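Here is a short briefing on the structure shown below. Take a look at the fold first, then read on for the details.

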Amino acid sequence: QVQLEESGGGLVQAGDSLRLSCAASGAPFTTIVSWFRQAPGKEREWAAGINENGRSVIYADSVKGRFTISRDNAKNTVYLQMNSLKPEDTAVYYCATDMSGRDWSNVPRRREAYDTWGQGTQVIVTS
């Protein structure tokens, strides 16, 4: 069974960049992966997703053009490059994957599609 661990969060100023990593252990990491985020007092929301081979990526409108999701399957790691950060990007960021074996034609955006989650990494953006 795969375990996910996020890293790379921190405290930055508006306009700065961060790169988050989601490292998998325990099983080959060749499944769909999404990044979600949860701001204080708000529901967890989907931010970006990537398919098994990294050739298909999708983004929420709120991060499109600023965030880039990518993966290195040889390193069992998925990344989220976040540029031009805004205070509204402040949240705990989670990576998630689906280990059920389902064959997704498109990377799902709903939380219920994912059965394996990391513990999250905090991102704080000050103005």
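Helices (H or I, at least four residues) and strands (E, at least two) are DSSP runs, numbered from the N terminus. In those terms, the protein chain reads β-β-β-β-β-β-β-β-β-β-β along its sequence, with 0 helices and 11 strands. Its radius of gyration is 14 Å, close to the 14 Å that the globule rule gives for 127 residues, so the protein chain is as compact as a globular protein of that length. That radius is taken over C-alpha atoms, and the globule rule is 2.2 Å times the number of residues to the power 0.38.

A word on the ground rules: this is a predicted model, in which local features need pLDDT of at least 70 and side-chain atom pairs count only at pLDDT 80 or more, while totals for chains, interfaces and linings use all residues. Residues are numbered from 1 along each chain as its sequence is written, and side-chain values use heavy atoms, with hydrogens and water left out.

**Overall build**

- The C-alpha trace of the protein chain spans about 40 × 25 × 25 Å along its principal axes.
- Of the 127 residues in the protein chain, 46% are buried (buried means under 20% relative accessible area, exposed over 50%, partly exposed in between, with a 1.4 Å probe and protein chains only).
- Among contacts in the protein chain with a separation of 6 or more, 59% are accounted for by residues 24 or more positions apart; contact means heavy atoms within 4.5 Å.

**Surface and charge**

- The protein chain exposes about 6500 Å², and carbon and sulfur atoms supply 44% of that area (Shrake-Rupley method, 1.4 Å probe; for residues, only the protein chains shown count as cover).
- The 14 positive and 14 negative charges have mean positions 3 Å apart. Lys and Arg count as positive and Asp and Glu as negative, without His and the chain ends; each charge is placed at NZ of Lys, CZ of Arg, CG of Asp or CD of Glu.

**The nonpolar core**

- The largest nonpolar core has 35 residues, and those with the most contacts inside it are Trp35, Ile69, Val78, Leu80, Met82 and Tyr93.
- Elements giving two or more residues to this core include strand 3 (18-25), strand 4 (33-38), strand 8 (77-82) and strand 11 (121-126).
- Such a core is a set of buried Ala, Val, Leu, Ile, Met, Phe, Trp, Tyr and Cys residues joined through side-chain atoms within 4.5 Å.
- Beyond its neighbours within four places in sequence, Met82 is in contact with residues including Leu18, Leu20, Phe67, Tyr93 and Val123.

- Tyr114 sits in the loop between strand 9 and strand 10 (116-117), and counts as buried at 5% relative accessibility.
- Not counting residues up to four places away in sequence, Tyr114 touches Ile32, Val33, Ser34, Phe36, Ala96, Thr97, Asp98, Val107 and Pro108.
- Trp117 belongs to strand 10, and its 24% relative accessibility makes it partly exposed.
- The C-alpha atoms of Trp117 and Ser34 are 9.7 Å apart, though 83 residues separate them along the chain.

**Positive phi in the loops**

- Asn76, in the loop between strand 7 and strand 8, has a phi near 55°, a positive value in a residue other than glycine.
- Ser84, in the loop between strand 8 and strand 9, has a positive phi too, near 50°, and is partly exposed with a relative accessible area of 41%.
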